[in-house]
Amino acid sequence: EVRRFRLEEGEEIGQPLHDEIEQAVIKRAKLKVMDLLKRSDKTEQELRTKLRTASFPEKAVEEAISYVRGYKYLDDERYASNYIRMKKQTKSKNAIVYDLISKGIEKEIIDQYMEEEFDSDDEEEAIKKLIYKKTSNPSELDLEKKQKLVASICRKGFSYEKVKRIISNI
């Protein structure tokens, strides 16, 4: 914008030029948001953080967020639903909730979609996948290796009792 409007340091600018620069910055913020969303779905908080990191003024951030929300490109509920559906096969319920909260999704939205999308069978399937990913035959593991396997799966947010029960059933 500095080159485009031929601005010099310390130069006074009038209100019409200020408004024109402001509109150019807002347009650039909208393009940045669209570019970010083109690569992958994001939450509102993630987009706000990216725009602020890129030094966009607050007014440009708000305008850009409103713009993509108006076209339904930004929807935290849809994001939460898709995230849960995709991650329930590899992550524990606790890990998914933690991830969504850290991405700025409200707890009520998370609870609603966890109830709709996630059941205990999903968690058991995820644990079984992790077990077979780590070892082809868990029944042949000695005590020390079983303990290491259980610990590694529990570090991913799964409950100890559930992991232990599934390994013993296998």
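The exercises below concern salt bridges and a surface patch in a predicted model.

**Exercise 1.** Decide whether Lys88 and Asp122, which meet in a salt bridge, are buried or exposed.

*Solution.* The N to O distance of this pair is 3.6 Å. Lys88 sits in the loop between α4 (76–87) and α5 (93–102), while Asp122 belongs to helix α7 (residues 120–134), so that the pair links distant parts of the chain, 34 residues apart. Because buried means under 20% relative accessible area, Lys88 is buried at 14%, and Asp122 is likewise buried at 17%. Elsewhere, salt bridges that share partners join Glu44, Arg48, Glu62 and Arg69 into one network.

**Exercise 2.** Classify the exposure of the partners in the salt bridge between Glu58 and Arg52.

*Solution.* The closest N and O atoms of Glu58 and Arg52 are 2.8 Å apart. Glu58 has a relative accessible area of 39% and is therefore partly exposed, and Arg52, at 42%, also counts as partly exposed.

**Exercise 3.** Identify the residues that make the nonpolar surface patch of about 310 Å².

*Solution.* The patch is made by Tyr67, Tyr71 and Tyr73. Of these, Tyr67 is found in helix α3 (residues 58–70) and counts as partly exposed at 31% relative accessibility.

Definitions and conventions. Residues numbered from 1 in each chain as written. Predicted model: local features only at pLDDT ≥ 70, side-chain atom pairs only at ≥ 80, totals over all residues. Heavy atoms only, no water. Patch = residues over 30% accessible without salt bridge, like charges linked within 9 Å, V, L, I, M, F, W, Y side chains within 5 Å. Areas by Shrake-Rupley, 256 points an atom, 1.4 Å probe, with all protein chains shown as cover. Salt bridge = Lys/Arg side-chain N within 4 Å of Asp/Glu carboxyl O. Helix = DSSP H or I, 4+ residues; strand = E, 2+ residues; numbered from the N terminus. Buried < 20%, exposed > 50% of the residue type's maximum accessible area, 1.4 Å probe, protein only.
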